Amino acid sequence: ESASGVPLSLNGIANYRVLNQDYYIAALYLPESIKSLTDQEILSSPKSKQMKLLVNAPHWSPRFWQNQWQSDLDINNPNATDDLLDQLTTFTHLLKSDLMAGDLVLFDYQENIGTHIYFNEQLMQSTKSMELFNALLSTWIGKLPPSRYFKKRILSLNKDELTQVNMQTLYTTIL
């Protein structure tokens with residue numbers, strides 16, 4: 001459920017890996033009405049959406065966070081406006097100390113309210129638009145996601161062992 005009370009359900013869950021290192025479990029939550037849409041239709045929908053990022057790396061430095069996100073954001077948002085670029089720069093510089101396994105980053109977009117980003121339940125950034133949320137979501141489901149496998153797992157909920165393990169990890173860590 002989004003912070004505004006709009007019922008959201010898990011759309012997909014995947015592991016984000018770089019050079020054989022698991023960095024986080026990614027989860028996308030959508031209202032039922034848009035769960036069967038394509039990636040582009042999800043991005044253009046004004047409905048509430050949520051992304052959860054549960055860190056599972058032992059530590060994730062601010063420098064690597066910044067470099068990783070900047071790279072993913074640049075290649076998936078080539079036509080970003082100056083305003084969006086400012087918001088993305090703010091986002092990539094939010095981290096002041098290492099993230100540790102078990103830390104949760106929540107990206108919440110609420111229709112008619114905007115985008116809010118939380119680190120371990122602390123509000124770190126907000127904007128009244130959907131642009132910031134979609135720029136971040138496009139790093140997962142845009143033209144150049146971490147992998148086709150990652151994008152496929154985020155866009156549909158698999159009923160396999162990896163999904164069960166990831167869901168158990170996500171829900172036991174954040175509850």
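These legends describe close-up views of a predicted model. Local features need pLDDT of at least 70 and side-chain atom pairs count only at pLDDT 80 or more, while totals for chains, interfaces and linings use all residues. Residues are numbered from 1 along each chain as its sequence is written, and side-chain values use heavy atoms, with hydrogens and water left out.

**View 1. The open sheet of six strands.** The strand order is S1-S2-S3-S6-S7-S8, with antiparallel pairing. Strands (E, at least two residues) and helices (H or I, at least four) are DSSP runs, numbered from the N terminus; two strands pair if DSSP finds at least two bridges between them. S1 (9-18) and S8 are the edge strands, each pairing on one side only. From one strand to the next, the twist averages 15 degrees.

**View 2. Strands S2 and S3.** Antiparallel strands S2 (residues 21-30) and S3 (residues 49-55) are joined by six bridges. Ala 27 has Lys 52 in S3 as its bridge partner.

**View 3. The two sides of helix H3 (residues 82-92).** Leu 84, Gln 87, Leu 88, Phe 91 and Thr 92 are buried (under 20% relative accessible area, with a 1.4 Å probe and protein chains only). These buried residues line one face of the helix, because they fall within an arc of 135 degrees seen down the axis of H3. On the other side, Asp 82 and Asp 86 are exposed (over 50%).

**View 4. Asp 39 in helix H1 (residues 39-44)**. Asp 39 is buried, with a relative accessible area of 17%. Leaving aside neighbours within four places in sequence, Asp 39 is in contact with Ile 141, Lys 151 and Leu 155 (heavy atoms within 4.5 Å).

Conventions: The arc is that of the directions from the helix axis to the C-beta atoms. Axes are lines fitted to C-alpha atoms, for helices over the stretch in contact, and angles run from 0 to 180 degrees between N-to-C directions.
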